[in-house]
Amino acid sequence: MPVEVARAVATPVNQWAAANPRFEVVWHGGEPLAAGREHLAALMAPFEDVKHSVQTNAALIDDTRCEFLLEHQVHVGVSIDGPEDMNTHRLTLAGRPGFRVIMRGIERLRRHGIPISAIAVVSNPDPNGAGRFYDFFADLGVTTLGINVEKKEGVNLGAKDADPVRAAEFWTALTDAWRANPVI
């Protein structure tokens, strides 16, 4: 994104943020950290009194990016779909499973004391795995968890639509897991 676009967007956003101190700009889509620290800082600069967040697969997280995130007080959301066996759809650019790369980035964020939230895509809403799914995120210490049950829509034509009864049972089991340990 050119900085000029960020400036144009910031004009109305700054007015909205002045009226709502909890206003947040989320840099999401593609990989916002791929813009580089200097360019991302330039994109964020026109925004006043807003909280910035990035949604990332954590593959580019290193110590320098952690320092940048801390310096700019950027909240971090990580895209990870649960434990390794539930995370098989996330691949590296080389086409390999991305779980270990994501976890390496999460460990760096944790080492720097950067809290994380997570977004997970559930391809197989198995109610028997809902508790383990929730516990994985609770053990990671995520602050919030967004969950999307995958379905066939738009360009995601390769997905299978989940059985509605099974999906409802998954949500019930997930809610039960949260009630037993409401840390997220």
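Predicted model: local features only at pLDDT ≥ 70, side-chain atom pairs only at ≥ 80, totals over all residues.
Residues are numbered from 1 along each chain as its sequence is written, and side-chain values use heavy atoms, with hydrogens and water left out. Local features need pLDDT of at least 70 and side-chain atom pairs count only at pLDDT 80 or more, while totals for chains, interfaces and linings use all residues.

**Helix packing**

Helices (H or I, at least four residues) and strands (E, at least two) are DSSP runs, numbered from the N terminus. An α-helix has 3.6 residues a turn, so residues three or four places apart point the same way.

Helix α4 (residues 99–111) and helix α5 (residues 130–140) have axes that come within 12 Å and cross at roughly 35°. Axes are lines fitted to C-alpha atoms, for helices over the stretch in contact, and angles run from 0 to 180 degrees between N-to-C directions. On the α4 side, F99, M103, I106 and R110 meet F136, D139 and L140 of α5.

**The loop between β3 and α4**

D81 is found in the loop between β3 (75–79) and α4. D81 is buried, with a relative accessible area of 5%. Its side chain is joined to that of R90 by a polar contact of 3.0 Å. Leaving aside neighbours within four places in sequence, the residues in contact with D81 include M86, I119, V121 and F133.

**Salt bridges**

A search of the whole structure finds nine salt bridges, each a side-chain nitrogen of Lys or Arg within 4 Å of a carboxyl oxygen of Asp or Glu. Three of them are tabulated.

| Pair | N to O distance |
|---|---|
| E84 and R100 | 3.5 Å |
| D85 and R132 | 2.7 Å |
| D126 and R166 | 3.9 Å |

E84 lies in the loop between β3 and α4 and R100 in helix α4, so this pair ties together parts 16 residues apart in sequence. E84 is partly exposed at 37% relative accessibility, and R100 is exposed at 62%; exposed means over 50%, and partly exposed lies between the buried and exposed limits.

Key
Contact = heavy atoms within 4.5 Å. Buried < 20%, exposed > 50% of the residue type's maximum accessible area, 1.4 Å probe, protein only. Polar contact = N/O pair within 3.5 Å; in protein donor to acceptor, adjacent residues only side chain to side chain.
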